[in-house]
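Here is a short tour to read with the coordinates open beside you. Take a look at the entry below, then follow along.

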Amino acid sequence: MGEAPALCVEDLQEGFSNGFGLRSKGFKTSTDVGDKTFVIGCNNNDSASSLEVHIYDKSRGKWVIPTVLGTKPKLYEGYSTVLLNGDRIMIIIKGSTPDDCIWFLEVDTEYVKQQKEASGTEVVAWSKGMRGDAEKPVVISGPSGVGKGTLINMLVKEFPYMFGFSVSHTTRAPRSMEKNGVHYHFTERSIMEKDIKDGKFLEFASVHGNLYGTSIEAVEAVADSGKRCILDIDVQGAKSVRASSLDALFIFISPPSMRELEERLRLRGTETEEQVQKRLRNAEAEIEQGKTSGIFDHILCNDNLEKCYENLKKLLGLEGSAPTNTKPSPKGIDLPPNHLVSKIDNKILIKNETPEPGNASKNSVVLDISSLKGGAPGRTRGLKINVIDSFSESLNGIH
Ligand SMILES: Nc1nc2c(ncn2[C@@H]2O[C@H](COP(=O)(O)OP(=O)(O)O)[C@@H](O)[C@H]2O)c(=O)[nH]1
Ligand SMILES: Nc1ncnc2c1ncn2[C@@H]1O[C@H](COP(=O)(O)OP(=O)(O)O)[C@@H](O)[C@H]1O
């Protein structure tokens, strides 16, 4: 059984002079990947410091501070690291909550390679580890006033534990009934543009003169809650998602006629005359693209609302299904508080250092990493967990 590499930076540092103050107090681990050493940690134990990544490039004898993408984990008591597949470091956090204890730092994955090439700098990217898989998200597009919001509301109301809405960001002003954080995250253009630049958005587009976008966090938060994510985005956004690594189902909602669309928009009464005109002008091009671009897996005509809703449910495999009242079960990972980490093939053993018979929270666990999916800039999903009741019992092949 090989112990996880968890060198002290002090050991690593012997003989090197660098400007990072790595000899000061704090917690650090280092992991070798090829001719680079990735040092993850913090310099101080105070709450104001955060988890940093430094790279020692052995071939050049130089320290490098990389561009760090993604949301990083909070500071906890300590960290163990395991190198997986030569391209990502798994971080197992001591003293964290069950939904926050496994993280991945990607150092040479396809995503990181692309980012390195695009930026010309050294790049690393964080993603949080999650149990189980996420269901394929559903992208719904169509012209303004066609009934997308109405159909999505019906679905979320009938199947509250099955579907969740991806809350987009927008620079447009809220309508009177709209709530910030529920219908949209209403935001300033400069803030949104910076977040787009920082890689926080899955897609974005300028629609009817305003900026709209789906943050990676908006989609992942729905999947984290165990629900299937629904995105209400325009055709340009759907095209970007199609080109992204997100595997989704694409549905276009079309109106029975332009006259009917105009009537619905006017009856809704949420836009000024000028805005209605702009939306109608854009609608023709959107309908044309929706029907001919090949982006969409299905096109539904929203003539009769009830019929269209039934057809939508059919596409989602919900025909005749009774809504379930069961909340998805939480998918956290209970780790023993004091543990040692080791890896054999596709299994990571997190062994309790102080087992107590009959105390489930003190059990050792085995994480199966054979079917990991996704990764930065979102989540790494597909972690499977086996709890070992007593450490003296058989360890599923790990000895
Ligand atoms: N690309 C993209 N489009 C979005 C997003 N959120 C909303 N939209 C689209 O922006 C357009 C205008 O939305 P909205 O202002 O809510 O008006 P409505 O469609 O008339 O209710 C619609 O086509 C939405 O599908 C997003 O995050 N990304
Ligand atoms: N099939 C339908 N027949 C008549 N009115 C509809 C139908 N579907 C939706 N509506 C109405 O049309 C208006 C626009 O619908 P909405 O869901 O806001 O559109 P979108 O989100 O696509 O902009 C709303 O007032 C809604 O109640």
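The notes that follow cover the model, an annotated span, a helix pair and a ligand site.

## About the model

This is a predicted model, in which local features need pLDDT of at least 70 and side-chain atom pairs count only at pLDDT 80 or more, while totals for chains, interfaces and linings use all residues. Residues are numbered from 1 along each chain as its sequence is written, chains are lettered from A and ligands numbered from 1 in the order in which they are written, and side-chain values use heavy atoms, with hydrogens and water left out.

## The annotated span

An unreviewed UniProt entry lists residues 135-317 as "domain: Guanylate kinase-like"; such annotations may be inferred rather than shown by experiment. The span is 44% helix and 22% strand, and its end C-alpha atoms lie 13 Å apart. Helices (H or I, at least four residues) and strands (E, at least two) are DSSP runs, numbered from the N terminus.

## Helices α7 and α8

The axes of α7 (residues 258-268) and α8 (residues 273-292) come within 11 Å and cross at roughly 145 degrees. Here axes are lines fitted to C-alpha atoms over the stretch in contact, and angles run from 0 to 180 degrees between N-to-C directions. Residues making the contact (heavy atoms within 4.5 Å) include Leu261 and Leu265 of α7 and Leu280 and Ile287 of α8.

## Around ligand 1

Ligand 1 has 20 residues around it, with Ser144, Ser168, Arg172, Tyr184 and Tyr212 coming nearest; a residue counts if one of its heavy atoms lies within 4 Å.

A polar side-chain atom of Ser168 sits 2.6 Å from a ligand 1 oxygen atom. For Asp234, a polar side-chain atom is 2.8 Å from a nitrogen atom of ligand 1.

Definitions and conventions. Polar contact = N/O pair within 3.5 Å; in protein donor to acceptor, adjacent residues only side chain to side chain.
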